[in-house]
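Here are a few exercises to work through with the model open in your viewer. Try each one yourself before you read the solution.

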Amino acid sequence: MYSFLITFREGLEAALILGIVLAYLARTGNRGYAGHVWLGAGAAVVATLAAGVAAGLTARSLSGAALEVFEGGAMLLAAAVLTYVIIWMKRQAWNIRERLHGQVETALKSGSRLALAALSFTVIVREGIETVLFLQAGAATALAAPSSVHWYWAGAAAGLLAAVLLGVLAYSGSARLPLRAFFNVTGVLLIFFAAGMIANGLHALQEVGLVPPLVEHVWDTNWLVSDYSFAGQLLAALLGYDAKPSLVQALSFFGYLAVGLALFLRAPDVRRA
């Protein structure tokens, strides 16, 4: 579910951005520049794949304490970036069309076709790098059980495929997307996921002694949902569940959840996109 939601949301944002740029070029009689937009998008995909491979190889080359620090740091960084992206999108998505139109117009006036390719590359690679960071952070917990490896990447592939399909339908006019509901619902879900990332990240850093637990175990719910059960592993991957969390884990999870939800719900709603 986590990998599907990440690639679906990020992929749909990228697809919508491409659709806005291509539709504006077609409407203004500049359809001939579309090839350069696709060139920039293709280069962004290649750069994203390279970043993903580099992150994966880095994680595989580490072990022991170094791996715990890498995974814990990746989770905390991903949670911070994810929070910023969620709130930024809710605040800014209403005028993203106008801002993109202005950037395209500036590129056209410059007379440089490469300017359009650069614009496309910049906006798409940003979504791609965010996706790599979020998937790498989630993989540390989601892939703890060998049986979940294929499901994790299958979810990522399915999310990307669904995003591309919806993007094509939206561009062709065959579907009208309820963007306000989409960003609001996925935003709340991702805030819960980010809270779990923070708890998991701090747990990893506790393992190597970089973060004090304050209290080793504040409760034990193994009798209800064991860490080793399917439900426990699923909740750990999605929400950072730990049957015997430390005080730092519990405070970080519920503290972030309260602050994150408050910031998100108080942010201005998407008005149009």
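A salt bridge here is a side-chain nitrogen of Lys or Arg within 4 Å of a carboxyl oxygen of Asp or Glu. This is a predicted model, where local features need pLDDT of at least 70, side-chain atom pairs count only at pLDDT 80 or more, and totals for chains, interfaces and linings use all residues. Residues are numbered from 1 along each chain as its sequence is written, and side-chain values use heavy atoms, with hydrogens and water left out.

**Exercise 1. Salt bridges**

Find how many salt bridges the whole structure holds, then work out whether Glu13 and Arg9 are buried or exposed.

Solution.
- Start with the search: it turns up 2 salt bridges in the whole structure.
- Take Glu13 and Arg9, whose side chains meet at 3.4 Å, N to O. Helix α1 (residues 2-27) holds both of them, 4 residues apart, about one turn of the helix. (Helices are DSSP runs of H or I with at least four residues, numbered from the N terminus.)
- Now check accessibility, with buried meaning under 20% relative accessible area, exposed over 50% and partly exposed in between (1.4 Å probe, protein chains only). Glu13 and Arg9 are both buried.
- Go on to Glu127 and Arg126, another salt bridge at 3.4 Å, N to O. Glu127 is at 3% relative accessibility, so it counts as buried; Arg126 is at 34%, so it counts as partly exposed.
- As background, side chains of opposite charge can pair when their charged atoms come close.

**Exercise 2. Aromatic pairs**

Count the aromatic pairs, and explain why Tyr152 and Trp153 get the class they do.

Solution.
- Set the rule: rings of Phe, Tyr and Trp (its six-membered ring) pair if their centres lie within 6.5 Å, and planes under 30 degrees apart count as stacked, over 60 as edge-to-face and the rest as tilted.
- With that rule, the structure holds 4 aromatic pairs.
- For Tyr152 and Trp153, the ring centres are 5.1 Å apart and the planes sit at 85°, so the pair is edge-to-face. Tyr152 is buried at 6% relative accessible area, while Trp153 is partly exposed at 42%.
- Phe253 and Phe254 also pair edge-to-face, at 5.1 Å centre to centre and 85° between the planes. Phe253 is buried at 13%, and Phe254 is partly exposed at 49%.

**Exercise 3. The cavity**

Work out which helix gives the most to the lining of the largest cavity.

Solution.
- On a 1 Å grid over the protein atoms alone, a cavity is a set of points where a 1.4 Å probe fits but cannot get out, and lining residues have an atom within 4 Å of a point. Grid points are joined across faces, edges and corners, and a volume is the space filled by probe spheres set on the points.
- The count is 1 cavity of 30 Å³ or more, and the largest cavity has about 60 Å³ of space.
- It is lined by 13 residues, and the closest to its centre are Gly138, Gly196, Met197, Asn200 and Ala237.
- At least two lining residues each come from α5 (113-142), α7 (179-207) and α8 (230-239). The top contributor is α7, with 4 residues.

**Exercise 4. Confidence**

Find which element has the lowest mean pLDDT.

Solution.
- pLDDT is the predictor's confidence in each residue, from 0 to 100. The chain has a mean of 86, and 93% of its residues reach 70 or more.
- By element, α8 has the lowest mean (78) and helix α9 (residues 247-266) the highest (93).
- Within α8, Gly232, Ala236 and Leu238 are buried. Just after α8, Gly240 takes a positive phi of about 70°.

Terms used:
On a 1 Å grid over the protein atoms alone, a cavity is a set of points where a 1.4 Å probe fits but cannot get out, and a pocket is an open set with protein on both sides within 12 Å along at least five of seven lines; lining residues have an atom within 4 Å of a point.
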